[in-house]
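Visitor: Please take me through one part of this model at close range. I would like the aromatic side chains, and then the sheet around them.

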Amino acid sequence: MASSQPVVIYPPVEDGGRRVRVDGEILGRAFGVQDVARFMQEAGLQGWDEMDVVRSGLIDWRGGGPDAWEH
């Protein structure tokens, strides 16, 4: 992962979930922190879980933090 905050979690959308971008690539839509953890694992951070997602400085939460999942 190249930058200091290579992960962006976009604001919730009307039809549910938040887009997840890692190193400039949209990996999909998350519907909770568990989904974000799965995306992080797919990006190479194999040991990551929900608590890592909530505490990480690698993630730029836009439009609300890890507890905001509805529009």
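Guide: W61 is buried, at 17% relative accessible area. W69 counts as buried too, with 14% relative accessibility. The cut-off for buried is under 20%, so both residues fall under it. Bear in mind that this is a predicted model.

Now the rings themselves. A pair of aromatic rings is described by the distance of the centres and the angle of the planes. The count here comes to 1 aromatic pair. In that pair, the ring centres of W61 and W69 are 6.2 Å apart, and the planes stand at 90°. The pair is therefore edge-to-face, since over 60 degrees is the cut-off for that class.

Strand β4 spans 59-61 and is an edge strand. The other edge strand is β3, 25-30. Each pairs on one side only. The sheet is open, with 4 strands in the order β3-β2-β1-β4 and mixed pairing. Neighbouring strands are turned by 20° against each other on average, direction ignored.

Inside that order, β1 (residues 7-9) pairs with β2 (residues 18-22) in the antiparallel sense. This pairing runs over 3 bridges. V8 has R21 in β2 as its bridge partner.

Helix α1, residues 33-42, lies across β1, β2, β3 and β4. The helix runs at about 150° to β3.

R38 has its charged end over the ring of F39, 4.8 Å from the centre. R19 lies over the face of Y10, and the distance to the ring centre is 4.2 Å.

Notes:
Residues numbered from 1 in each chain as written. Predicted model: local features only at pLDDT ≥ 70, side-chain atom pairs only at ≥ 80, totals over all residues. Heavy atoms only, no water. Phe/Tyr/Trp six-rings, centres within 6.5 Å; stacked < 30°, edge-to-face > 60°. Buried < 20%, exposed > 50% of the residue type's maximum accessible area, 1.4 Å probe, protein only. Lys NZ or Arg CZ within 6 Å of the ring centre and 35° of its normal. Pairing = 2+ DSSP bridges. Helix = DSSP H or I, 4+ residues; strand = E, 2+ residues; numbered from the N terminus. Axes fitted to C-alpha atoms, helices over the stretch in contact; angles between N-to-C directions. Contact = heavy atoms within 4.5 Å.
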